[in-house]
Each structure stands twice: as structure tokens, then as C-alpha cells.
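Please read these notes with the structure open beside you. Each numbered point can be checked on the model.

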Amino acid sequence: MTTDTATDVFEEHRPVLMDVAYRMLGRLADAQDVVQEAWLRWSGADRAAVREPRGYLVRVTTRLAIDRLRQVKSRGETYVGPWLPEPCVTDFGDAVPDTAERAVLADSVSLAVLVVLESLSPLERAVLREAFGYPYAEIAAMLERGEAAVRQLAGRARTHVDERRPRYDVDPAQRRDLTERFLAAAVEGDLAGLLATLAPDVRLVGDSGGRSKAPLRVLEGSDKVGRFLFGVARQGIPDMSFDFLELNGGPAALVRSGGKPDSVVQVDVADGRVRSVYIIRNPDKLVSLADVI
């Protein structure tokens with residue numbers, strides 16, 4: 001395999017490798033570093049002995065992502081306030097025409113699911129990748145573990161995720177409509193209109209990493225969430241504008257101040273009400289959105 005061919009093969013599979021790394025890490029910069037390291041491994045490998053490049057590259061990327069997760073945990077890094085994944089632009093386009101498959105893929109990168117995955121061990125995250133369509137035998141080979149052990153580990157991890165993931169509706173049109181009404185009420189400081197969109201047990205998770213203003217704990221209940229957002233509206237954001245786009249498989253608003261990304265707002269919807277509000281204001285997590293739209 002020539003160098004040009006090796007590059008072509010890697011670039012063909014790069015989107016899949018980024019998906020694997022991002023789903024495991026929840027951080028675009030870390031995912032890009034892992035994929036770059038996978039390229040170095042691929043470029044230096046005996047490629048003539050590789051019968052299935054995609055499987056080989058996914059295996060290498062998975063192991064590198066596990067190592068990166070372990071390094072983060074071993075450093076005992078502390079995060080100021082609640083943690084949310086770095087928002088990722090998703091546009092499945094015509095590549096995923098099937099509605100059911102799109103729903104599975106969207107769910108696998110949703111903020112709600114990635115937050116739950118953050119509480120799993122690196123190995124548990126690695127085995128929870130049904131969205132990629134790999135059978136347990138292949139996952140076991142990737143992780144160099146027995147298939148029975150992988151099945152058991154996956155069962156425990158899936159139970160953990162199912163018990164903790166929020167329940168929400170996946171109708172994109174309804175979610176977009178409620179997102180727009182929610183944001184309009186919040187921006188206009190319409191407390192009554194805002195409260196009308198919120199479920200009684202709504203939760204607001206704000207991620208600033210201590211770098212900007214956001215709640216340092218999760219707010220719960222429509223009254224607390226509504227009044228917090230009403231207060232934000234009264235203070236205002238200088239030269240504010242916002243655009244709608246698809247992030248992490250669902251509609252979201254990118255809020256700008258003076259043309260620069262200020263925050264990302266996304267909501268989860270169930271039974272016609274907003275059940276979860278996610279606000280990402282850590283500037284390090286908004287860098288990749290500077291040139292979006």
C-alpha cells in the first residue's frame with residue numbers, strides 16, 4: 001500500500017474515527033488528538049498485514065481513547081461547576097436516510113447521554129457503542145477481552161445509562177418549536193411565557209468551567225429555572241444575536257455577543273414541556289463554533 005493510498009484509506013474512515021473518539025471523550029480537541037495519534041499508528045503500521053482497515057483503525061482509536069480517559073482520571077482533574085460535553089455540529093444529511101437510524105445516532109451524541117457516559121469507566125464507555133453496529137465479538141477483539149466478559153460489562157453499563165438518562169421526546173419539529181418559544185420568552189424577559197414552556201421538575205445545567213457566569217450547581221424546578229433565566233434576560237447580553245443549528249443531534253441556539261460565541265442553549269422536551277435546559281458558556285468549548293453559519 002503506497003503512502004497516497006494509505007492516506008486515502010485513513011481519510012475515508014476519519015469521520016467514523018472522530019465519531020468513536022468524540023462519543024467516548026465528549027471533547028472535540030481530545031478526539032482530534034486521538035485521531036491524529038491513530039494516523040501516526042496507521043502510517044507506521046505494516047499495512048500489508050491489515051485485512052480490514054476500518055476495523056483496525058477503529059480498534060486503534062478506541063484503545064487510544066481509553067488511554068486518554070485513564071490519563072484524565074489519574075490526574076484527578078477537578079472541574080468548576082457542572083460538566084457538559086463540548087457541543088458538536090451534527091449533520092447526518094443523506095448519509096443516514098433512515099429515520100430510526102438517525103434517531104439512534106442523534107441519541108448517541110446527545111448532551112444527556114454523553115453526560116451519563118462521563119460517569120462510566122473507560123471500558124464501560126468503549127463497550128456501549130451499539131450505534132456503530134459492531135457485534136460483541138468485534139468489540140471484544142478490539143478490547144482484547146473475552147466476548148462473555150464484554151457482554152457482562154455492557155449489560156451493567158447499559159443498566160447504568162438507562163437508569164440515569166432523562167426521558168425525552170425525539171420529534172425534531174416539536175423540539176424546534178418549543179426551543180424557539182422558550183428562547184423567545186427568555187430573551188424578552190416574559191416570565192409567564194417562560195414558565196408556560198417549563199415542566200414543573202425542569203433542570204437547568206450550566207457549564208462555564210469557572211470561566212464565565214453560570215450556575216455552579218444544577219437548578220431544579222420551574223420557579224428557580226424561570227427566575228434565573230428571567231434575571232439573565234434583565235441583565236442582557238451586549239450586542240446579542242443568535243442562530244439555530246443542529247448540535248449533538250438536536251436543535252440548539254448559538255448565542256453571540258458582538259459576533260463572537262457567547263453560549264450554546266439546548267433543551268430536552270417531553271410531553272410538550274421543556275424538561276432539561278443545557279447552557280454551555282465555557283469559552284474553550286465554543287471555539288469550534290466561531291465560524292459556524
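Is Trp39 buried, partly exposed or exposed? Trp39 has a relative accessibility of 21%, so Trp39 counts as partly exposed. Here buried means under 20% relative accessible area, exposed means over 50%, and partly exposed lies in between, with a 1.4 Å probe and protein chains only.

1. Basis of the model. This is a predicted model, in which local features need pLDDT of at least 70, side-chain atom pairs count only at pLDDT 80 or more, and totals for chains, interfaces and linings use all residues. Residues are numbered from 1 along each chain as its sequence is written, and side-chain values use heavy atoms, with hydrogens and water left out.

2. The chain as a whole. The secondary structure comes to 11 helices and 6 strands. Helices (H or I, at least four residues) and strands (E, at least two) are DSSP runs, numbered from the N terminus. For 293 residues a compact globule would have a radius of gyration near 19 Å, and the 20 Å of the chain agrees with this. That radius is taken over C-alpha atoms, and the globule rule is 2.2 Å times the number of residues to the power 0.38. Along the principal axes, the C-alpha atoms fill a box of roughly 65 × 40 × 40 Å.

3. Burial and contacts. Of the 293 residues in the chain, 48% are buried. Among contacts between residues at least 6 apart in sequence, 66% join residues at least 24 apart. A contact means heavy atoms within 4.5 Å.

4. Aromatic pairs. A search of the whole structure finds 3 aromatic pairs. One of them joins Phe10 and Trp39, edge-to-face, at 5.3 Å centre to centre with 65° between the planes. Phe10 lies in helix 1 (residues 3-25) and Trp39 in helix 2 (residues 28-43), so the pair ties together parts that are 29 residues apart in sequence. Phe10 is buried, at 0% relative accessibility. The pair of Phe242 and Phe244 is also edge-to-face, because the ring centres are 5.9 Å apart and the planes are at 85°. The rule is that rings of Phe, Tyr and Trp (its six-membered ring) pair if their centres lie within 6.5 Å; planes under 30 degrees apart count as stacked, over 60 as edge-to-face and the rest as tilted.

5. Charges over rings. Phe244 is partly exposed, at 22%, and Arg176 lies over the face of Phe244, 4.4 Å from the ring centre. Likewise, the charged end of Arg47 sits over the ring of Trp42, 5.9 Å from its centre. This requires NZ of Lys or CZ of Arg within 6 Å of the ring centre and within 35 degrees of the ring normal.

6. Helix 9. Helix 9 (residues 172-188) has 17 residues and spans 24 Å from its first C-alpha to its last, close to the expected 24 Å. The expected span is 1.5 Å times one less than the number of residues. Buried residues in helix 9 include Arg175, Leu178, Phe182 and Ala186. Just after helix 9, Gly189 takes a positive phi of about 70°.
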